[in-house]
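Colleague: I am new to this structure and would like to go through some of it with you. Could you bring it up?
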Amino acid sequence: MFVLITALVLGIAQQAAPQPQVQEEAAKKGVLRGKAVHALTGEPVRRATVTLQTIPTPKPGSAPVFVGPPQGKSVTSGTDGSFVFEELEEGSYRLYAEKAGFVRTSYGASSPNSAGTPLKLISGGELKDLSLRMLPGATVAGMVVDEEGEPLERLQVMVLRKNPSMGRNLWQPLASAQTNERGEFRLTGLTAGSFTVLAQPARFGSLGADSPLQQGKEEFAYTATYHPGVERVEQAQTVKLAVGQELSIGQIRMVKTRVFRAKGKYLGPIPENPNEGMLMLNVREKVDSSMFAAMGFSFGRNRVNPDGSFELSGLKPGTHEVSVMKNTPAGGGMKTVGMAELTISSDNVVDFVVPELQLLAVTGRVRLEGRPDLLERMKLKGTSVQLLPPAGTPMFSGPSRGTIEEDGSFRLADVVPGRYRLNVNVFGAPTYLKVYRLNGKEQSEQEVDLRAGGEIEIVFSTNVAALSGMVEKKEEAASGMVVLERVDGRLSNLQSWFPPQAGVSQDKTFRFLSIAPGEYRAYAFEELDMNLAADAEFLKKFSARAATVKVGEGESGTVTLKQIGKAEVEEAMKQ
């Protein structure tokens, strides 16, 4: 995630017109030296992969262009943990290291989700005695047992963490493992923080809803169970891990629940020839929208018979979304052709009907505006437009996809009615999202309601703004991060919900090369998990410490910020 955010926030450079170079100046190369050490013991870390990554920086008097992700070079630390990078150009760099048993750690960071400290190197300069403190991974171990305390083999165990995503807090999996023949599991290489642990039968495996257990005339299955043995995530015990900690959480006692069957019929057309396609059923339990991991779905578990009939098994009480999917062998992919909600209470269902789905067409237009010299470098024709499912919703079929025509128009056919995230990337120069409308109405969220189709209007502008400044911080505070929050809450792009973030260099400066014009609250943190930077409720706790700054189209603003200490952030997280 960090690399993606770095590419979005910092991966923009400027291309300077060729200038005469003095041979003496061109020969001035820099060097960077340091040691990789264990963050807890201070011992050298040998054979760590240390990477130095360039941060593209602007040159005066030239037009900005995209250069893609930052370039990097890697070396291996020596037996004493030492490393060196030579023949370096003047500029800004990011330094990080990784090795088995450690989490990827940036220089100046005390947590893996911190951006760390960017490094500035002058022409012919030397940065030496850098200490790259590598964070050892934490471990969670335990055992999964049945209702009688017997071990369960080949169950999937996941560590989940709640992260902001597309404006919502979603439980997302960080690591997973299977239980062995003794029901034991061990998850390693984990970051420090608060988590919950989930155990569930492997999809299509035994013990789960796909293979219910027969007990007399009733059927049962083990359901997704949270530590120590509860069905709902809000009832789960929180697991808190420190850097490098090895923690045993004891037993997770799986919950067994009664499951049911449903017989039904699909009312749409059935392909007579298998080469024309095959119809399969897709079942998703409609659970809390904050769930990302255990969505309770089973893909392609049943087929629709030639007469349209089907039977579903292993259904828990509650509401389920049943979709009929058409699989076209000749490269057509999956397409949803039927959909209905099924409610299970305390008995089997025998008369469930799935109607044929009336698919929609979505049309729209994309327009570019801004500096003529930058617009000449940009190309709309052939650019991809996609509709993706909302955050936290599994994608059962490929995205609805189209391409932009010469006049900026696009059309997406066979769209299943629902809510979507729109994904449009334009390349050639940095832009910001100036206009985003559906049926003439301004959109303030990335998700759009397309249950009735619609006309989409998008305008990207190259008249981006820039912001730089200085952070007043304690000398012992090595790292730092600046976060920008738009006061008006408008969208700045369609690709990320994360607000603009920039690291603070060792000279206490920061720079945003490309942001949307507008009014911002600027926060300077000594250290902050980048996921918390996307949590508007958390940022509110420090609103009185933020500086307000406004930058217009094509303008470059400056601001001086006072740093919010790490201890203050930790205290706010407890509240």
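Colleague: How do E3 and strand E7 pair?
Modeller: In this predicted model, E3 and strand E7 (residues 91-98) pair in the antiparallel sense over seven bridges. Strands are DSSP runs (E, at least two residues) numbered from the N terminus, and two of them pair if DSSP finds at least two bridges between them. Ile 55 stands opposite Ser 92 in E7.

Colleague: Which residue does Thr 51 stand opposite?
Modeller: Thr 51 faces Ser 74 in E5. Strand E5 (residues 72-76) runs antiparallel to E3, and five bridges join them.

Colleague: Is E3 mostly covered or mostly uncovered?
Modeller: Strand E3 (residues 49-55) is mostly covered, with five of its seven residues buried, meaning under 20% relative accessible area with a 1.4 Å probe, protein chains only.

Colleague: Before we move on, what should I know about the numbering and the confidence limits?
Modeller: Residues are numbered from 1 along each chain as its sequence is written. Local features need pLDDT of at least 70, side-chain atom pairs count only at pLDDT 80 or more, and totals for chains, interfaces and linings use all residues.

Colleague: Now the open sheet of five strands: what is its order?
Modeller: The order is E32-E29-E37-E34-E35, with mixed pairing. Strand E32 (409-415) and strand E35 (441-442) are the edge strands, each pairing on one side only.

Colleague: How many bridges do E29 and E32 have?
Modeller: Strand E29 (residues 360-369) pairs with E32 in the antiparallel sense over five bridges. Thr 363 stands opposite Arg 411 in E32.

Terms used: Side-chain values use heavy atoms; hydrogens and water are left out. Helices (H or I, at least four residues) and strands (E, at least two) are DSSP runs, numbered from the N terminus. Buried means under 20% relative accessible area, exposed over 50%, partly exposed in between (1.4 Å probe, protein chains only).
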